[in-house]
Amino acid sequence: MDNKVISRVLRYISIKLRTTKEVENYLRTKLKLPEEEISKVLDYLKDAGFLDDEFVKDAIIKSRTSKGFGAKYIKQKLLSRGIGVKEDINTDIEKVVSIVLKRYDPAHSKEDKLKLKAKIYRFLSYRGLKYDEINEVMRRVFNKEFNHS
């Protein structure tokens, strides 16, 4: 194995957390390494502890759920990075409610209530929340609105 290759890969990994698939694609497309060399580099990186897909998966799940994203969005992000997820990912409904209230506070909105609800629904749908989760968030957001009045 070439030290230059390892050095470049370590620099690539140091920018952000990378999955095995991302590093493999980097070795194949950017560095144009043959398949057997790619296998050796990946094995070396795994053995040395530089590649850990489970750690990356946990970090992404924790980061995205703390920002109010739902399971569908998170699973799609992980899949695009080469990590399949079988277990359930729980959405933090309270966190999502607080994000919605910060962004679209119905109590202070001058927008038509129906348009506001549609806008919030689209926002939550984009964030990967399931139908029942969206309904729960909407119920809490608009119940809080009535408590303010």
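**Exercise 1.** Work out how much accessible surface the chain has, and what share belongs to carbon and sulfur atoms.

*Solution.* Start with the method: accessible areas come from Shrake-Rupley with a 1.4 Å probe. The chain's total is about 9,500 Å². Carbon and sulfur atoms hold 51% of that.

A quick note on the model: it's predicted, so local features need pLDDT of at least 70 and side-chain atom pairs need 80 or more, while totals for chains, interfaces and linings use all residues. Numbering runs from 1 along each chain as its sequence is written, and side-chain values use heavy atoms, leaving out hydrogens and water.

**Exercise 2.** Find which secondary structure the chain has, and compare its radius of gyration with that of a compact globule.

*Solution.* First, list the elements (DSSP runs numbered from the N terminus; helices are H or I with at least four residues, strands E with at least two). You get eight helices and zero strands. Next, take the radius of gyration over C-alpha atoms; the globule rule is 2.2 Å times the number of residues to the power 0.38. For 149 residues a compact globule would come near 15 Å, but this chain has 21 Å. Finally, check the C-alpha trace: about 70 × 30 × 20 Å along its principal axes.

**Exercise 3.** Say which residues of helix H2 are buried and where they sit around the axis.

*Solution.* Buried means under 20% relative accessible area (1.4 Å probe, protein chains only). In H2 (residues 20-29), that gives Thr-20, Glu-22, Val-23, Tyr-26 and Leu-27. Their arc (from directions between the helix axis and the C-beta atoms) is only 165°, so they lie on the same side of H2.

How values were computed: Buried means under 20% relative accessible area, exposed over 50%, partly exposed in between (1.4 Å probe, protein chains only).
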